[in-house]
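Work through the following exercises with the sequence and the structure at hand. Each task is followed by a solution in steps.

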Amino acid sequence: MASDADSQPLHSQPRKRRRLMISCTECHRRKQKCDRELPCGNCKLRNKEAACMYETNVPTARWRQQHQYEQRQKQAKNASATPPEDYSDPEDDEPLSAKAAGWGYGQNTVSTMVFLKQIETVDGNSPSPTNAKTSAYGSPSEDDFTLREKYKGLIRQLPAKVYIDKLVDLFLRSLNWQYYTLDTDIFREQLEQWNNLSFKVLSTVGPRGLSPSLRTFPALLFQVIATALLLLPERPDPVFDALKYVGSMRFEDLAVEYSDSGAAILDLLGKKNVSLETVQAQFLRASFFKFTAKVTEAWHAISVAVRDAQDLGMHKDSLDPQPKDSSVEAILENQWLIQRRRRIYILLAIWDINCACILGRPGVIDWNRPLPTPPIDAPLPTNRASTPVVPRGENDPPTPVTRVIWNIELSKLLQAIRNLENEEAYQSNFAKVDQLHQRILDCHEKIPASFRLDDPDTRWDDEPEMQWLQACRFYFAQLHQFGLMALHRPYVFHRKESRAEAIQASLRMLEVQKMTFQGLPPDTWRNYLLFFGSFDAIVLIASVYILFPYEHTELTGSVLQHFQWTVERFQAIQERNPLAKSAQGVLRAIVARFRKAIANPGASRSPYTPADMRLGVGHSMPSTTESTPGTSSISPGEGFEFSQAPAADLSGGWTMPSADCLASLAPMFPMGDIIYNDLNVIHDGVFIPSVTGEQLDKIGTNNFDFVFGGDLGNDTVWQILNQVQQPTDGEGGLGAAGVVGDGAGA
């Protein structure tokens, strides 16, 4: 029977045609026609550029033609040749660990991968580096051409060297100090190696012929030049306009394309040969997302960077790399490499805990478990092969590592705050709240003198390489106030002392924000801190005053003044800061409710905030009449003196919510609501994501047709705010329960 079946004509056997997926994965999933670009047009329209990818194993038409040609040449050459008796499949020589590299095993932990490597070396034979490098991407006969051509296609998008050099200089001078992601000397050395790379290597061998660091370097370079482009003002530029290939193209559009190209290189190379440059590129990708107001994408990018870093063993001191040999130069270079690894992992941990506290999202790194030893605050070396890692002295200028180390101290406090929030009975842990509050104050007293906002050490302010010091002072002042806000915000509805501390910390935050903004050039208005600090502070203050209008009435004049300044700042920066633009409607709506809710029993007429409202030791907060650029937040005809609060009519029936209602409210994460829950304002049942013009004027009046909407639940403070002064049957008072939106209880 078997012979009969085998003798059947081939064409008589039904065969199902195998269809190759040539569309990107998103278009294939949505059953749309794909234009095969990267990213494709459909993904661009849906803002899903990061998700646009192609199956790497699907051969293109060009690959098939080349592959068929190579096979014919090979057959013609070997037609008369007879394989030797000891012929074996080349794949048999592939190391076991290389074959399993893409199966998800950890490279630096106790796992199957470790045992495979031990098996390879049991006879004293180590796997061939050539075989390991080749097998990392699969069979050379099938994947070499595809990988090489895709890699070349991506790096072709890099601009000319003259533009790269200028953008790299701009990044290193204006941005690198913020996180110290790159070591200037190492990055410039890698850039020189890339510029001197032989084209023959890329054309014949491809990325496999490069070291893991140099192979990933163009992905890092793309992120550097993309972030630098965001600093350029959107006006004609005699140098960089030549990079635009469409007349209406903006520098931000070009930056997005460069950043996406860098991400595409990392996706193409995969996770089998992760390097330190991979982690740096992922970190800068997250930073780019944050600068372009894609906070969700930034949060996910940081998570990927953390996992890559852990795969390299950067999360444990025991997994630190070893010197190449026993020479002094190799040992010193290895010590500096360890410092780089620890610094970058700590940066990831700091970002992770701040995202968790600001957005109310879960973190990736557990700060309750031991982290790697913090980096040593050593002066920046000129020659790593001859300079030992020695801590700087008291008379040495601070370094970017000094900034990182102090950020670690503040991040430990944020983790303590999260631990307190996660306790089951956190609403009654007032003694622990007071203890943590004192820890935050004690930490503020220990801040390095160069970073103090009050009476700072200015010995190095005028040095060319220390231009970042003054910005650091405002940065740490904001983080200190945010720590106090984050500590007390879960308790403002249950505890009078927490309400007082929350209001004062929020007012200090708004004052620091105002001081930070003054004098900033427009190219820095993308700064994430210019938005989140002000928005969180206003929501916190307004919520407290709306629910407890007769407390702290002496501060309402200063509160209203800062509210106006904040709305003006948001209007001024909205074209450079998309978050500020999207939040204007919410901001004005909450200010309108605040003005309606507050009482005026002897409000202070003093133009100054009370003496206890200090930024630090001996620094008071004057509430002057100076205003930031922009249009007034109060509509024409609604002006009032900010030294006193406007009288409000509370006779409409507004009653204090019950204690049970307040106890059920979830902690406030205003930034998280804007980004994840689509917090916006609604007018006549229509969502208005970005309110401008006449709609803003309406919000500035006592018209309460605008309510807060979005994917919000019944346990949020926005539910309570929607009930304030809502008319019912022609009378003022408490409106219907629930919040307008798509979430629970909508």
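Two residues are in contact when heavy atoms of theirs lie within 4.5 Å. The model used here is a predicted one.

**Exercise 1. The whole protein**

Task: State how many helices and strands the protein has, what percentage of its residues count as buried, and what percentage of contacts between residues at least 6 apart in sequence join residues at least 24 apart.

Solution. Step one is the count of elements: there are 29 helices and five strands. Step two concerns burial: 51% of the 746 residues count as buried. Step three turns to contacts: where the partners are at least 6 apart in sequence, 73% of the contacts join residues at least 24 apart.

**Exercise 2. Two helices in contact**

Task: Determine how helices H15 and H16 are oriented to each other and which residues form their contact.

Solution. Begin with the ranges: H15 covers residues 276-291 and H16 covers residues 295-311. Their axes are 8 Å apart, and the packing angle is about 170 degrees. Angles over 145 degrees count as roughly antiparallel, and H15 and H16 are therefore roughly antiparallel to each other.

Next, list the residues. On the H15 side they are Thr278, Val279, Gln282, Phe283, Arg285, Ala286, Phe289 and Lys290. On the H16 side they are Val295, Glu297, Ala298, Ala301, Ile302, Val304, Ala305, Asp308 and Ala309. Sorted by kind, the residues of this contact comprise 11 nonpolar, two polar and four charged.

Last, look at the loop between H15 and H16, where alanine 293 is found. With a relative accessibility of 22%, alanine 293 is partly exposed.

**Exercise 3. Helix lengths and burial**

Task: For helices H11 and H23, compare the end-to-end reach with the expected one and describe which residues are buried.

Solution. Take H11, residues 184-195, to start with. Its 12 residues reach 16 Å from the first C-alpha to the last, close to the expected 16 Å. The buried residues in H11 are Ile186, Phe187, Gln190, Leu191 and Trp194. Viewed down the axis of H11, the buried residues fall within an arc of 135 degrees, so they line one face of the helix.

Now take H23, residues 556-573. H23 has 18 residues and reaches 26 Å, close to the 26 Å expected. Of these 18 residues, 17 are buried, so H23 is largely enclosed by the rest of the structure.

**Exercise 4. Backbone angles**

Task: Find where the cis peptide bond between leucine 38 and proline 39 lies, and locate two residues with positive phi, alanine 293 and aspartate 455.

Solution. Start from the background: most residues other than glycine have a negative phi, and most peptide bonds are trans. The bond joining leucine 38 and proline 39 is cis, with omega about -5 degrees. Proline 39 sits in the loop between helix H2 (25-30) and helix H3 (41-45).

For alanine 293, phi is near 70 degrees, which is positive. For aspartate 455, phi is positive too, at about 50 degrees. Aspartate 455 belongs to the loop between helix H19 (430-445) and helix H20 (469-488). Its relative accessible area is 64%, so aspartate 455 is exposed.

**Exercise 5. Single residues and their surroundings**

Task: Classify asparagine 176, serine 23, leucine 371 and proline 521 as buried, partly exposed or exposed, and place each in the structure.

Solution. The cut-off for buried is under 20% relative accessible area, and exposed is over 50%.

- Asparagine 176 is in helix H10 (residues 176-179). Its relative accessible area is 5%, so asparagine 176 is buried. Beyond four places in sequence, asparagine 176 touches Phe171, Thr181, Leu182 and Thr184.
- Serine 23 is in the loop between helix H1 (2-6) and H2. At 17%, serine 23 is buried. Beyond four places in sequence, serine 23 touches His28, Gln32, Cys34, Arg36 and Tyr54.
- Leucine 371 is in the loop between helix H17 (328-359) and helix H18 (400-422). At 25%, leucine 371 is partly exposed. Beyond four places in sequence, its contacts are Tyr345, Ile365 and Asp366. Isoleucine 346 is 25 residues from leucine 371 in sequence, and their C-alpha atoms are 8.1 Å apart.
- Proline 521 is in the loop between helix H21 (496-517) and helix H22 (529-547). At 38%, proline 521 is partly exposed. Proline 233 is 288 residues away from proline 521 in sequence, yet 9.9 Å away in space, C-alpha to C-alpha.

Note on methods: Residues numbered from 1 in each chain as written. Predicted model: local features only at pLDDT ≥ 70, side-chain atom pairs only at ≥ 80, totals over all residues. Heavy atoms only, no water. Axes fitted to C-alpha atoms, helices over the stretch in contact; angles between N-to-C directions. Helix = DSSP H or I, 4+ residues; strand = E, 2+ residues; numbered from the N terminus. Parallel < 35°, antiparallel > 145°, perpendicular 65-115°, else oblique. Nonpolar A, V, L, I, M, F, W, Y, C, P; charged D, E, K, R; others polar. Expected span 1.5 Å × (residues − 1). Buried < 20%, exposed > 50% of the residue type's maximum accessible area, 1.4 Å probe, protein only. Arc of directions from axis to C-beta.
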